Amino acid sequence: MTKTTVPPIPPVPSTVTDPAVRQWMQSLAESVAIRAGQQGNPLDRAVTLRELYDAGVVNVPQISQGGASGSTDFEGTASETVFDNLTPPDSPELLETFANPRSVILTWNKTPQSIVAHTEIYRSLDDQLDNAILIGVTPGQSFADTNVESESTYYYWVRYVSYAAQPSAYHSLVGVSATVPLISGSELEDINVDKLVGNKAAFVEANINEGSITNAKIGQEISSDNFSPTNAGWRINKQGQAEFNDIYARGDIEASSLKAGSANIIDTLMLQDNAVTFPLGFSSGSHVGVSTSWKTVATFNLPEMNSKAMVSAYCYIEAYTRDAGYTGSFSAGFRFLHNGSVINSTGIYNGHQGASAQGWTVNIFQSGLVVLGFIDAPAVGTITLQARCYRGTVKGSSAIVLGIKK
């Protein structure tokens, strides 16, 4: 009986560092060694076809040197088997490819000779046979390549290999190409992936827990799931119209018109690039006696404003005299001081004469709103209103300060 010698499997290379891969390779080597009778119980060793043939258990077709089954008319041993024939098989013919979104199917037409054990399939990303790698073997005349990517083009070659490990020539030196198409919409009804990459995708409805979008085009509108017009949530439509239940803007807001139920201006209100501020006022309604010398009637501390300030006063003076028959003139004067410096003054003469009482003649000086001066920006400091009157006393005064843009 002829004994088949099987070389031992060498240890796993040290270059394989992945623990899972090393474990898998060691288990595979142990299984092969047990079946080859190199380790373990001899009863677990596999029986070869050669041993069965030598024992007369099976018949193996005899072949001629040319490969035809049953012929013995050649020089050499008439009992030569397919395992002893070192003649390369004929090559496959008519290789065709059929691509779908998940695989590429290969078929070839020439029926292999009896010495052919299987077909080898090679693949490359270009039409260069030197770059092709073995991707599978099959005993039949078709093969499915499932390790493919959409919109990728692959090139394929096939060849036969005999029982004696003799390869045929490739079907051709030129590869047969196949381009994998995109997955159609019907195949996306239910898909679960860690990462989805592509140039374009169309979904009727999609639920995204968390997403990152570089650029987006909205066909109709986007809104919060609690949006209720004039009530809650937010919405933005493709016309650029937006509705928010509440909004906080840190930058500029530009609009052709603005309508609001109320407005709270924290800093400065601008109208056509001009700052608008509202009056800051002070009034004094008590009696303050004055004479021909200037006397302070009211003092107002002006907060800092980033603008020029206009100072004005509404003045009201009553002048009294004991001379019931006095018909001469009365005069009253007013002036404003800013931080102790006079900025303007004005005088009023011959006020309106009123009724006499208990020997007093009353003359009323009512000036109305009188602009008395301007303060350059930034307007800040103490504003003082002073008054004087000939032949009388002062009763009542008020002052208003307005901020305006310089």
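N237 sits in strand β9. Helices (H or I, at least four residues) and strands (E, at least two) are DSSP runs, numbered from the N terminus. The model is predicted: local features need pLDDT of at least 70, side-chain atom pairs count only at pLDDT 80 or more, and totals for chains, interfaces and linings use all residues. Residues are numbered from 1 along each chain as its sequence is written, and side-chain values use heavy atoms, with hydrogens and water left out.

Is N237 buried or exposed? N237 is buried, at a relative accessible area of 18%. Buried means under 20% relative accessible area, exposed over 50%, and partly exposed in between (1.4 Å probe, protein chains only). The side chain of N237 makes a polar contact with the backbone nitrogen of Q241 at 2.9 Å. A polar contact is a pair of N or O atoms within 3.5 Å; within protein, one must be able to donate a hydrogen and the other to accept it, and residues adjacent in sequence count only if both atoms are side-chain atoms. Setting aside residues up to four places away in sequence, N237 touches Q220 and E221. Contact here means heavy atoms within 4.5 Å.

E221 is also the residue that stands opposite N237 across the strands. Strand β8 and strand β9 (residues 234-237) pair in the antiparallel sense, over three bridges. Two strands pair if DSSP finds at least two bridges between them. The sheet they belong to is open, with three strands in the order β8-β9-β10 and antiparallel pairing. Its edge strands are β8 (221-223) and β10 (242-244), each pairing on one side only. The twist averages 10° from one strand to the next. Axes are lines fitted to C-alpha atoms, for helices over the stretch in contact, and angles run from 0 to 180 degrees between N-to-C directions.

Another open sheet has four strands, in the order β4-β3-β6-β7, again with antiparallel pairing. Strands β4 (133-138) and β7 (176-179) stand at the edges; each has a single partner strand, so one side of each is left without a neighbour in the sheet. On average, neighbouring strands here are turned by 35° against each other, direction ignored. Strand β6 (residues 153-162) runs antiparallel to β7, and four bridges join them. Across that pairing, Y155 stands opposite S177 in β7.

Next come the aromatic rings. How many aromatic pairs does a search of the whole structure find? The search finds two. Rings of Phe, Tyr and Trp (its six-membered ring) pair if their centres lie within 6.5 Å; planes under 30 degrees apart count as stacked, over 60 as edge-to-face and the rest as tilted. Y122 and Y170 form an edge-to-face pair, 5.5 Å centre to centre with 80° between the planes. This pair links distant parts of the chain: Y122 lies in strand β3 (residues 116-124) and Y170 in the loop between β6 and β7, 48 residues apart. Y122 is buried at 11% relative accessibility, whereas Y170 is partly exposed at 22%. W234 and F244 form a stacked pair, 6.4 Å centre to centre with 20° between the planes. W234 is in strand β9 and F244 in strand β10, 10 residues apart. W234 is partly exposed at 31% relative accessibility, and F244 is partly exposed at 40%.

The loop between β6 and β7 also holds S168. S168 is buried, at 6% relative accessibility. S168 and S91 are 77 residues apart along the chain, yet their C-alpha atoms are separated by 5.2 Å. Leaving aside neighbours within four places in sequence, S168 is in contact with P89, D90, S91, P92, R159 and Y160.

Last, the nonpolar interior. A nonpolar core is a set of buried Ala, Val, Leu, Ile, Met, Phe, Trp, Tyr and Cys residues joined through side-chain atoms within 4.5 Å. The largest has 14 residues, and those with the most contacts inside it are L95, V104, L106, W108, I121, V148 and Y156. Strands β2 (103-107), β3 and β6 each give two or more residues to this core. The largest share, four residues, comes from β6. Beyond its neighbours within four places in sequence, L95 is in contact with L106, T107, W108, Y156, W157, V158, H171 and V176. A second, separate core has 11 residues, including A298, F300, F336 and I375.
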